[in-house]
Amino acid sequence: MRNEKTETPGILGIDIGGTNFRIGVVYEQGKTANFRKIPVRSVFRTTDPMKDLREYIAEYCQNMDIRTISIGFPAAIDRERKTVLQAPNVAFMEGLPVVQYLTDAFHIPVYIERDVTMAVLYDRRKWSLWDQNMLCGFYFGTGIGNAIVIDGVPLVGRNGTAGELGHIPVDGSTELCGCGNRGCMENLAGGKYLAHLCESVFPDTPIGRLFLEKGEDPLLQQFIDRMAMTVATEVNILDPDCVLIGGGVPSMAGFPKERLVERILVHTRKPFPAQSLRVIFTGDEEDKCVIGAAEYAAMRMKRMN
Ligand SMILES: [Zn+2]
């Protein structure tokens, strides 16, 4: 594929999800060129995922002037941001030294980060939140994604696993979580739980119509309240400047955004941070984490200078 803007070096942004693989080049901040979204399995076809990834990138980047690679994963990543640690949705990447391998292959800087961090950095640009010191992003999809960005820098934690908010324990729940613990919030306040409700309680309602048809049902109200508790827990601990809420669940038809905010405020400490809480519902853009990956790379490069 030809690059029409060869005079400007680009950042290659990649978003590797459980289902889809998204890739694009960011020449100009906030925009992708040559964006592709393909099934993740069409990239990782052999038993050697690093070789598959290298070959796909090499083919994609032919005739392009790419100076940096930045990849987001739905995964826990080591503190140094070099290796994917634990990735239930892309298990074939677990334990792989992605940064070392791709740096050796392409001889350009390579960065990896959690996809939710990429999402917050994208939203920071989209909503011009440059003067907001602390951003907390909550992305309710199948599970619960959370990232905390302080002064433009993502919170990493001692082991690299800060922001695993989906795994706060819920009193009384014994549900087994993908992380190995029992009773994690993620299984009660994420899309997985909605799918479970459709199967077991509302078999005649397609999941996409759940809030339209059953929004007033106590089970759905309880679900919204659990989402609110999740957000309020972090808000009460961190007192962030801005809360970003996104992901597939809040984008569903009929999703009660006002009610969610109302319930977040119920569970948030008074008078502060409740009184000045700023909540933004973000979009679910296709190239969100690809652009966010470029934002992340730019942030890392800036910090090195
Ligand atoms: Zn868990």
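Where is the place of aspartate 239? Aspartate 239 sits in the loop between helix H6 (218-238) and strand S11 (242-246). The model is predicted, so that local features need pLDDT of at least 70 and side-chain atom pairs count only at pLDDT 80 or more, while totals for chains, interfaces and linings use all residues. Residues are numbered from 1 along each chain as its sequence is written, and side-chain values use heavy atoms, with hydrogens and water left out.

**Overall fold**

- The protein chain contains 8 helices and 12 strands; helices (H or I, at least four residues) and strands (E, at least two) are DSSP runs, numbered from the N terminus.
- The C-alpha trace of the protein chain spans about 55 × 40 × 35 Å along its principal axes.
- Buried residues make up 52% of the 305 residues of the protein chain. Buried means under 20% relative accessible area, exposed over 50%, and partly exposed in between (1.4 Å probe, protein chains only).

**Negative surface patch**

- A patch of negative charge on the surface is formed by Asp131, Asp151, Asp239 and Asp241.
- Aspartate 239 is partly exposed, at a relative accessible area of 48%.
- Patches are made of residues with over 30% relative accessible area and no salt bridge, with like charges joined within 9 Å and nonpolar side chains (Val, Leu, Ile, Met, Phe, Trp, Tyr) within 5 Å.
- Accessible areas come from the Shrake-Rupley method with a 1.4 Å probe, and for residues only the protein chains shown count as cover.
- Asp and Glu count as negative and Lys and Arg as positive, whereas His and the chain ends are not counted. The place of a charge is taken as NZ of Lys, CZ of Arg, CG of Asp or CD of Glu.

**Salt bridges**

- The structure holds 15 salt bridges, each defined as a side-chain nitrogen of Lys or Arg within 4 Å of a carboxyl oxygen of Asp or Glu.
- Side chains of opposite charge can pair when their charged atoms come close.
- In helix H1 (residues 49-60), glutamate 55 and lysine 51 lie 4 residues apart, about one turn of the helix. The two form a salt bridge whose closest N and O atoms are 3.3 Å apart. Glutamate 55 is partly exposed at 38% relative accessibility, and lysine 51 is partly exposed with a relative accessible area of 34%.
- A salt bridge also joins arginine 81 and glutamate 113, with the closest N and O atoms 2.9 Å apart. Arginine 81 lies in the loop between strand S5 (76-77) and strand S6 (84-86) and glutamate 113 in strand S7 (residues 110-114), so the pair ties together parts that are 32 residues apart in sequence. Both arginine 81 and glutamate 113 are buried.
- Arginine 209 pairs with glutamate 213 in a salt bridge, the closest N and O atoms being 2.6 Å apart. Arginine 209 is partly exposed, with a relative accessible area of 39%, and glutamate 213 is partly exposed, with 40%.
- A network of salt bridges links Asp15, Arg22, Lys37 and Glu286.

**A buried strand residue**

- Isoleucine 69 belongs to strand S4 (residues 66-73) and is buried, with a relative accessible area of 1%.
- The C-alpha atoms of isoleucine 69 and lysine 51 are separated by 16 Å, the two residues being 18 residues apart along the chain.

**Backbone geometry**

- Most residues other than glycine have a negative phi, and most peptide bonds are trans.
- Lysine 270 and proline 271 are joined by a cis peptide bond, with omega about -5 degrees. Proline 271 lies in the loop between helix H7 (257-267) and strand S12 (279-281).
- Another cis peptide bond, with omega about 10 degrees, joins phenylalanine 272 and proline 273. Proline 273 is also in the loop between H7 and S12.
- Asparagine 63, a residue other than glycine, has a positive phi near 65 degrees. The loop between H1 and S4 holds asparagine 63, which is partly exposed at 46% relative accessibility.
- Arginine 81 is not a glycine, yet its phi is positive at about 60 degrees. The relative accessible area of arginine 81, which is buried, is 4%.
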